[in-house]
Amino acid sequence: MKCAKCRDLLDDYIRGWLDQQHAREMADHLAVCSDCAAGYESHKSLLSVLGAEPELVIEKAELADFVPGIWEKIEKENRIPLTGWLFKIVPALMIAGALSFFILKPPVDDIPDMVESLVEDEIYSEASYNTLVYIMFSDVEPEALELIENELYANGYIFSDEGYRQYFEELDEEAYKLLENKLNELLDTAG
Amino acid sequence: MIDRLQRFIDGDDRVFGQLVNEYKERIYTVVLRVVKNKEEAKDLAQEAFVKAYRNRQSFRAESGFYTWVYRIAVNLALNYVKRNRDRQAESIEDITPTRIATAPTDRLEKAELKTAISNAVGKLPPRQKTVFVLRHYEEKPYSEIASLMSITEGAAKANYHQAVQKLKVSLGLYLKEGRLTA
């Protein structure tokens, strides 16, 4: 076994999660490699300290109002249809906008004044997202948005500003650059 | 089970209530581990169930209700700690008052250790902290962590490794002295 592989499996080995064959290979390697053996001791020591941490005990009272709280939240959402719709549609628009940015041609005539702040604020800002949405999806069917939203929810995407930021952060450099250039282009056209 | 999940999808609120009661503690625990604030953890855990309820028609029964809500909850918690990085650093001890089931003689040392670990984990950057919680406390394999957090397995390993290196520095005193390692 090579040192890199040993380092990779070290945590599993100490936790006893390796199968017999890998565990044997680890033991053989640690017996002859002093660097890895030192890493093993250090990691084992950390896990030992962490393992001595008292168990987290959840008191019953902590969750006594958990279920009623959920129903309250659901009812509250149902009571504010307009805001509720905005909360549902705007995030879906943003994600859909990001996904479809390179497919749809923006209606340049509709670019709002907010575009000017787009580049100044960098594209991560909330205003920039709103502008992006406005540019991209002024005429998207609500049914289509709901389908997109459901699909995204099913895959664990979370609709929050941070979620979009994370999404944009995870775009590769080339895609990000294209997006940025496109926004600059729109700014030039508007100006 | 599939039948019960189908009833949930069809809008049976009683079944939804049962599912919440079954999984609320586990969902709350993992969120609490990440956000380290009981009130916020409860709110986020509830929000995860609300999202599941609201989108029940897009739920695919074969993936499992718990896995689905768990994934939503982990991402809500991660987003929360990212949004509140500064506030987090000040409130990371909120988790510590939870009852400690130990003998009186070593209660003080255990409490001290618990605080030290909580502080050290609490100071990790959001993604490293979430990966660490999923790996260490939830005992998830890297492949599952990667799937839950929508990152690559390599990124999950790298984040865990970085978290471990930081914890070794933060908990250096305990490691060197061999204290409380029973």
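1. Let's begin with the overall make-up: chain A has ten helices and zero strands, where helices are DSSP runs of H or I with at least four residues, strands are DSSP runs of E with at least two, and both are numbered from the N terminus. Its elements run α-α-α-α-α-α-α-α-α-α from the N terminus on. Chain B likewise has ten helices and zero strands, in the pattern α-α-α-α-α-α-α-α-α-α.

2. A word on the source: this is a predicted model, in which local features need pLDDT of at least 70 and side-chain atom pairs count only at pLDDT 80 or more, while totals for chains, interfaces and linings use all residues. Residues are numbered from 1 along each chain as its sequence is written, and chains are lettered from A and ligands numbered from 1 in the order in which they are written.

3. Of the 191 residues in chain A, 20% are buried; for the 182 residues of chain B the figure is 42%. (Buried is 20 or more other C-beta atoms within 10 Å of the residue's own, exposed is 12 or fewer, and partly exposed lies in between, with C-beta atoms placed from the backbone.) In chain A, 74% of the contacts between residues at least 6 apart in sequence join residues at least 24 apart. In chain B, residues 24 or more positions apart account for 64% of the contacts with a separation of 6 or more. A contact here is two C-beta atoms, placed from the backbone, within 7 Å.

4. Helix 7 of chain B is worth a look on your screen. Its twelve residues, 126–137, should span 16 Å at 1.5 Å a residue, and the end C-alpha atoms are 16 Å apart, which agrees; the expected span is 1.5 Å times one less than the number of residues. Eleven of the twelve residues are buried, including Phe132(B), Val133(B) and Leu134(B) as well as Arg127(B) and Lys129(B).

5. How does this helix meet helix 2 of chain B (residues 13–35)? The two axes come within 9 Å and cross at roughly 135 degrees; axes are lines fitted to C-alpha atoms over the stretch in contact, and angles run from 0 to 180 degrees between N-to-C directions. That makes helix 2 of chain B oblique to helix 7 of chain B. Val30(B), Arg33(B) and Val34(B) of helix 2 make the contact with Lys129(B), Thr130(B), Val133(B) and Tyr137(B) of helix 7.

6. On to helix 8 of chain B (residues 142–149): helix 7 packs with helix 8 at about 135 degrees, with the axes 10 Å apart. Thr130(B), Val131(B), Leu134(B) and Arg135(B) of helix 7 meet Ile145(B), Leu148(B) and Met149(B) of helix 8.

7. Finally, two loop residues. Lys36(B) is not a glycine, yet its phi is positive, about 55 degrees; Lys36(B) sits in the loop between helix 2 and helix 3 (38–54) of chain B. Buried or exposed? Lys36(B) counts as buried, because 24 C-beta neighbours lie inside 10 Å. Glu139(B), also not a glycine, has a positive phi of about 55 degrees and is found in the loop between helix 7 and helix 8 of chain B. With 10 C-beta neighbours inside 10 Å, Glu139(B) counts as exposed.

Conventions: Parallel < 35°, antiparallel > 145°, perpendicular 65-115°, else oblique.
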